[in-house]
Amino acid sequence: MARSRYRWFIVFLLFAITVVNYIDRAALSYAIPLIQRDLGLSPEATGAILGAFGLGYAVTTLIGGFAVDRYGARLVLTVAAVLWSLSIGATALATSVAILYAARVLLGVSEGPNFPALTGAVSHWLSPHERATALANALLAVPLALAIGGPLVTQLLGWLDWRLTFGVLFVLSAAWIPLWYFCFRDDPSQSRFVKADELAHIRKVDPGVTAAPHAVLKSWPEPGVLKALLTNRTLLANYWAFFVFGYFLFFFMSWLPSYLERKYGLNLAAVGLFSVLPWLSAAFLLWAMGRWSDHLLKTTGSMRISRSWLIAGSQFVAALAVIPVALTDNLTVAIAGITVAVASSMGANAAYYAVNVDIVPERAATALGIMDFAFAIAGFLAPAITGWVLNLRGSFADGFLLMTVLALSSVLVVLLFHHPDRDREKAA
């Protein structure tokens, strides 16, 4: 009889909720022109509302990493999904800037633990030689959600008003909760769907694999552990590079629809269609570079080559790609530059995650929580700074050029300080 494959259903559940998660995050950027007209929002207020997500996210993505290591992904992600469903429902009922702002903060608070929980679940449910594949499959949800989210949300906005659209998203978010709670267990041995042969496979350690085959729930991190995570030079460089990646992601996720509408006069339906190419390209490159990273590690034995160089190279390409976008008035040039920038900035996403597992496998969720904290700060700053610049000059050009500077700084930091082969030994 063939071995059961229930672990891949768990990966699918993680993929599915991440799709819903990112559609919920991005929906406001498509609805914001309609909300601006209904509620009379200024560009500065719009930027503050779009950036409010990052404030809440910053708090709980860090705490979420600790909580997942302590209490497990089942409880943490269930509570988080309940709260973010309520935040989407509150958005549908918003009648003022204050309510919208509070709903976005709550969405950030509740979605913060998602990626630490995803990492923690994979560490429990997948054997060491399957974890990179599982993470890559789950992370594909991000660009795919943003690719399908544009047409989906703009179609809903066309058929319904923005309030009913968020009502539909509330139902989709809430529907996942019972599936997760009843189908997932933190320890696969406690799941009635996992047969003995699959459990043996999950806990198998291949020759040459040094990571723990099956993570266990741990206590809250001691000060010495936190100090190690906050002083390791490779991890610090990784945090900064991930911040820059987050700045790119949140800029395009929050402002791309408004940019296309304001700069080129596209209507809502056209904006949704034009947003598909950058995110689909990012999905393909993320998938390809994740596998290329593993191939390079296998053939060279060097994490510096397979992780660091991919991160630095992808951000260098992203830095160059946004320059013509800042300077052009041609839609084709703009879409081409945005596509390259989005795809290249996201291409090394699996490498960022892998560095945490490579260096501190027993505290991967906590390390990822710290890395995601930097990402969350970018989630606040990218929309807010862009809104502030638009309020001053009425142009997106300065925002694009700032992204070039940030990406180049990331390239320099990674080339100088990102040495996972060396720093893994110090963290061990």
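**Entry 1: H14 and H18**

I looked up the handedness first: H14 and H18 cross in a left-handed way. (Left-handed means that the near helix is turned anticlockwise from the far one by less than a right angle, right-handed that it is turned clockwise.) This is a predicted model, where local features need pLDDT of at least 70 and side-chain atom pairs count only at pLDDT 80 or more, while totals for chains, interfaces and linings use all residues. Residues are numbered from 1 along each chain as its sequence is written, and side-chain values use heavy atoms, with hydrogens and water left out.

I noted the spans: H14 covers residues 303–327 and H18 residues 397–417. (Helices are DSSP runs of H or I with at least four residues, strands are runs of E with at least two, and both are numbered from the N terminus.) The two pack at an angle of about 160°, with axes 8 Å apart. (Axes are lines fitted to C-alpha atoms, for helices over the stretch in contact, and angles run from 0 to 180 degrees between N-to-C directions.) That makes H14 roughly antiparallel to H18. (Over 145 degrees counts as roughly antiparallel, under 35 as roughly parallel, 65 to 115 as roughly perpendicular and the rest as oblique.)

I then listed the contact, which means heavy atoms within 4.5 Å. H14 contributes residues including Arg-304, Gln-315 and Phe-316. H18 contributes residues including Phe-400, Met-403 and Thr-404. By class I read 17 nonpolar, four polar and one charged residues. (Ala, Val, Leu, Ile, Met, Phe, Trp, Tyr, Cys and Pro count as nonpolar, Asp, Glu, Lys and Arg as charged, and the others, Gly among them, as polar.)

**Entry 2: H1 and H8**

I turned to H1 (residues 6–39) and H8 (residues 162–183). Their angle is about 165° and their axes are 10 Å apart. H1 is therefore roughly antiparallel to H8. The crossing of H1 and H8 is left-handed. Their contact residues divide into 20 nonpolar, one polar and two charged.

**Entry 3: H2 and H4**

I checked H2 (residues 43–71) against H4 (residues 97–111). They pack at about 35°, with axes 6 Å apart. The crossing of H2 and H4 is right-handed. Among the contact residues I noted Phe-53 and Tyr-57 of H2, and Tyr-101 and Arg-104 of H4. The classes are 13 nonpolar, four polar and two charged residues.

**Entry 4: Aromatic pairs**

How many aromatic pairs does the structure hold? I found 23. (Rings of Phe, Tyr and Trp, the last by its six-membered ring, pair if their centres lie within 6.5 Å; planes under 30 degrees apart count as stacked, over 60 as edge-to-face and the rest as tilted.)

I looked up Tyr-181 and Phe-182, an edge-to-face pair with 5.4 Å centre to centre and 90° between the planes. Tyr-181 is partly exposed at 34% relative accessible area, and Phe-182 is exposed at 58%. (Buried means under 20% relative accessible area, exposed over 50% and partly exposed in between, with a 1.4 Å probe and protein chains only.)

I went on to Phe-242 and Tyr-352, also edge-to-face, at 5.1 Å and 70°. This pair links distant parts of the chain: Phe-242 lies in H11 and Tyr-352 in H16 (residues 349–359), 110 residues apart. Phe-242 is buried at 1%, and Tyr-352 is buried at 0%. Both belong to one aromatic cluster, whose members include Tyr-22, Phe-115 and Phe-375.

**Entry 5: Single residues**

I placed Thr-234 in H11 (residues 233–264). Is Thr-234 buried or exposed? It counts as buried, at 0% relative accessibility. Beyond four places in sequence, Thr-234 has contacts including Val-355, Phe-417, His-418 and Asp-423.

I found Ser-344 in H15 (residues 331–347). Ser-344 is buried at 5%. Leaving aside neighbours within four places, Ser-344 touches Leu-285, Ser-314, Val-317 and Ala-318.

Val-79 is partly exposed, at 42%. Val-79 and Ser-110 are 31 residues apart in sequence and 7.9 Å apart in space, C-alpha to C-alpha.
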